[in-house]
Structures are given as C-alpha cells and as structure tokens.
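The following note sets out comments on the structure shown below. The points are numbered so that each may be taken up separately.

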Amino acid sequence: MKKKAASCLMAAMFVLSLTACGSGGGKKNVDMAKLSADLQGTITSGSLGEVSSDIMAATYFLDTSKISESTAALNSGASACEVAIVKCSDDSYVKEAEQLFQTRVDNQAALFADYNAPEAAKLDDAIIASAGDYVVLCVSDDPESAQKILKEAGF
Amino acid sequence: MEEEEVFAQADLLPEETASSESESSAETQLASAETEPLETEPQTEPENIGLPEGGADYLDYVVHEQPTPVDDSYFEDAVFIGDSRMEGFRNLSGITKGSFLTAVGMELENFYTDAQIPTARGNMTVMDALKNINFTKIYMMLGTNELGAYDMDEVRESYRKVLSDIKTCSASADPVVYVYSVVYVEEALVTTGDYVNNANVDAVNLEILKMCREEGYHYINLNEILSDGYHSLVSGASSDGIHLDQPYCQDWLSYTRSHYVPDDAESA
C-alpha cells in the first residue's frame, strides 16, 4: 500500500523548487539526537515534543521501509516550528524524502497563510537539507542559526 | 487515497509510562486548584469543575470516569477531528492509535470549504479525508476558533450539522460520538484577540452541552483537569495561553482513556 502511495505521489507531485542543499558524497554518520536538540535550540516559540516514528511517518508520508532512523519534534499547535531528521536506508530515497518534506512545508504554509501570517513567514524560511543518507527539515524562529548548525554538522 | 496517507496508526510508545506520568500530573493540578487562594466564587461541587454555569443540568451527558482505563486499542476505530489544539494533542500526548484529521485554523465555518487536511498530494477537505477511514467512534474538538461568534445558537446548529455529516461517513450506523469541551485559556498570555476569553469558552461549552443532550452525544469535560477551578486554564499549561504543552497533552490522553462510555451503556 505504501509503495502504491509513493507511486501516486510521484505522479502527482509538482516539480518542486527545493531549498535543499545536498552535500552528498560518501557515507556519513550524524548524531541525530544531538543535531535535533541543537536545531530545537533555535526555536523559541511554543514547545516541541518528540513524536513516535509512526506519527512522524504519518505526518510526512514517509515510506518507513526506506528509513533506517528518524526523529521528529513537533509542536503544540501554537507555531509552525518543527524539526525532522531521517536517515534513509540508501541514498536512492533521499530525493523523495526531500520532496516529502517540501510537501509538508507547502501544506503547512497554505494553512498558516490564512490563520497566522507570522508563522507562515517562518515556513518561507524553512530549511530542507541533505548530506549523505540524511535529510533534515527545520522550521525555526532563527533560520540563520539553524543553517549554521547544519553547516557545522556537514550539511 | 490510501488510508495510511491521512492518519497515524502508531504503535510504538510505552503506554504505561505516558499514562502514569500524566495521571500524577493531573492529580497535582487538582490538588493545586484545591489549595490556591480564592479569587472568585469557587465551584463547590466537585463534579461541576470545569463546567460552565448551568452545566450541572447536563451531567447525564458528561462522560464519567470509569474504574478501568482503556488502552489505546480502544482508539483503533476512532477518528479524532479538530483544530490546532487537537493537533497538539496528536503530536504531544503520546497516543499510539487512532486516525487524526486535524488542522490549524479548522472551524465550523470553513469545515466544508477549506482543503485543510494534509496529504502527500496536498491538502483536502475533512469530508473527503473521512472517505478513506474506517471509524465507529468520533472524538471531536472544535469551538476555539468560534469564540468570537456573535450568535452561539448558530454555533450549536453548525456543530450539529457537522457532526451529523461526519456520522454518515462512519462504518457504523450508530457511531459513538464524543465531543470534547473547549479547553479554557490563560487570558493573560493570549495575543490573538480579546474574544479568546474564558467567558466565551463557557458560552461555547454550554452550547456544546445542549447539543450533546439533544443528540445523545457524550461530552468529555477536559476542563475538569485543565481548569484552575475558577473558569480558567491552569497556569503554566500553555506557552501562548491556548495550545497545551506536552505534560498537559499527556493528561488529556490519560483523561480520555479513563472517560469513556462502556459498551453496556452504549447499548442501553
């Protein structure tokens, strides 16, 4: 069922203008918990909480069979901020994970545009970055600091 | 659209941990409410805590605590529909089963018109999303975005229609309908408008109670544990005065597990 969903997704997907900056190349190890905590440190509006991998998969429509590790911190509904990191089983899924994160950003932006303009603005600065098999989504109050953290982590 | 695209069927969290933590937190809140100095006339009847004035007339439709909490398998055939507060519950409570159709800004007025449920192919309306879900229980939370409504009777009628239409999508001819109370706010923290106040929360909740009595729905009085005892959200539960922080979402889940309608009561 998930494979079918993924196929449908690919067929229906717009050509997305990703903000991703793929570093690629070579096997890479990222301390996902530390990176998530560091990125969450750039978020000052509202509280975030770690969610289960299934909630995460349902939020981003990820194919869990193609994800070897994941972590996500979602918000209380008060803001658009969130942090999600996935390690793909292999690099063939990286592009699709990036696209799924972009779809999440687009969906959220459409909702927040009518509901809460300041939060919608944060989504304009959403960061989607990849390095090796890892893909990160970060919607932050301080995207510059988040970018810096990601750069230091090799993204 | 595939069912898995619109909701979570999570199975991974240790339920006992979340449950025990939230139960103790809920006890702490109640104890705190009992010992704080009186600022206004207290609600003296324990079963009325969190109910609006006049709410005592509707106690038969308020879901009571059961001696044995359900585990999350109870929610396997449940759909949770609601606004950003319900989304926070989904994200932060630790619930592991159930289908969630939640969106920031969801309200009765835009319920049918706005494509607001995220899918992998963009957003869709709640009613369209419901077509892909098998459910026999409905947990509903709207009303916060209606706090500025001029006509509360109209809110009740709109809510009634929405729930009636949701029921037609159920796999059951007679689904169990739980309607959550609108949770109080901490007014001093709210920046989204003066109308987001607890007098209006009470007004909306009274209309919801009326609807529950008229339709035979089950009112879940979350304010029993989230009220400070004086018609306000317990202090410290929310960073923006509206959306609940994680421990309080866990309390919400614990309360939902212990407040349900037993099967024998449903068939009575």
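1. How many bridges join E2(A) to strand E3 (residues 82-88) of chain A, and in which sense do the two strands run? In this predicted model, E2(A) and E3(A) are joined by six bridges and run antiparallel. Within this pairing, Val83(A) of E3(A) is the residue opposite Ala73(A). The hairpin formed by E2(A) and E3(A) has six residues between its strands, and Gly77(A) adopts a positive phi near 100 degrees there.

2. Strand E2 (residues 67-75) of chain A also pairs with strand E1 (residues 48-50) of chain A. Three bridges connect E1(A) and E2(A), again in the antiparallel sense. Here Leu74(A) in E2(A) is found opposite Gly49(A).

3. Turning to chain B, its secondary structure amounts to eight helices and seven strands. Of its 268 residues, 51% count as buried. Among the contacts in chain B with a separation of 6 or more, 76% are accounted for by residues 24 or more positions apart.

4. Chain B contains an open sheet of five strands, with parallel pairing and the order E2-E1-E5-E6-E7. E2(B) and strand E7 (218-220) of chain B stand at the edges with a single partner strand each, so one side of each has no neighbour in the sheet. On average, and with direction ignored, neighbouring strands of this sheet are turned by 20 degrees against each other.

5. Phe80(B), in turn, lies opposite Phe100(B) of E2(B).

6. E1(B) is mostly covered, with five of its five residues buried. Both of its faces are covered: Ala78(B), Phe80(B) and Gly82(B) are buried on one side, and Val79(B) and Ile81(B) are buried on the other.

7. The final point concerns helix packing. Two packed helices are described by the angle between their axes and the distance between the axes. Helix H4 (residues 152-167) of chain B packs with H5(B) at an angle of about 45 degrees, and the axes are 9 Å apart. H4(B) is therefore oblique to H5(B). The crossing of H4(B) past H5(B) is right-handed. On the H4(B) side, the residues in contact are Met152(B), Val155(B), Arg156(B), Tyr159(B) and Arg160(B). They meet Ala203(B), Val204(B), Glu207(B), Ile208(B), Lys210(B), Met211(B) and Glu215(B) in H5(B).

How values were computed
Residues numbered from 1 in each chain as written. Chains lettered and ligands numbered in written order. Predicted model: local features only at pLDDT ≥ 70, side-chain atom pairs only at ≥ 80, totals over all residues. Buried ≥ 20, exposed ≤ 12 C-beta atoms within 10 Å, placed from the backbone. Helix = DSSP H or I, 4+ residues; strand = E, 2+ residues; numbered from the N terminus. Pairing = 2+ DSSP bridges. Axes fitted to C-alpha atoms, helices over the stretch in contact; angles between N-to-C directions. Parallel < 35°, antiparallel > 145°, perpendicular 65-115°, else oblique. Left-handed = near helix turned anticlockwise from the far one by under 90°. Contact = placed C-beta atoms within 7 Å.
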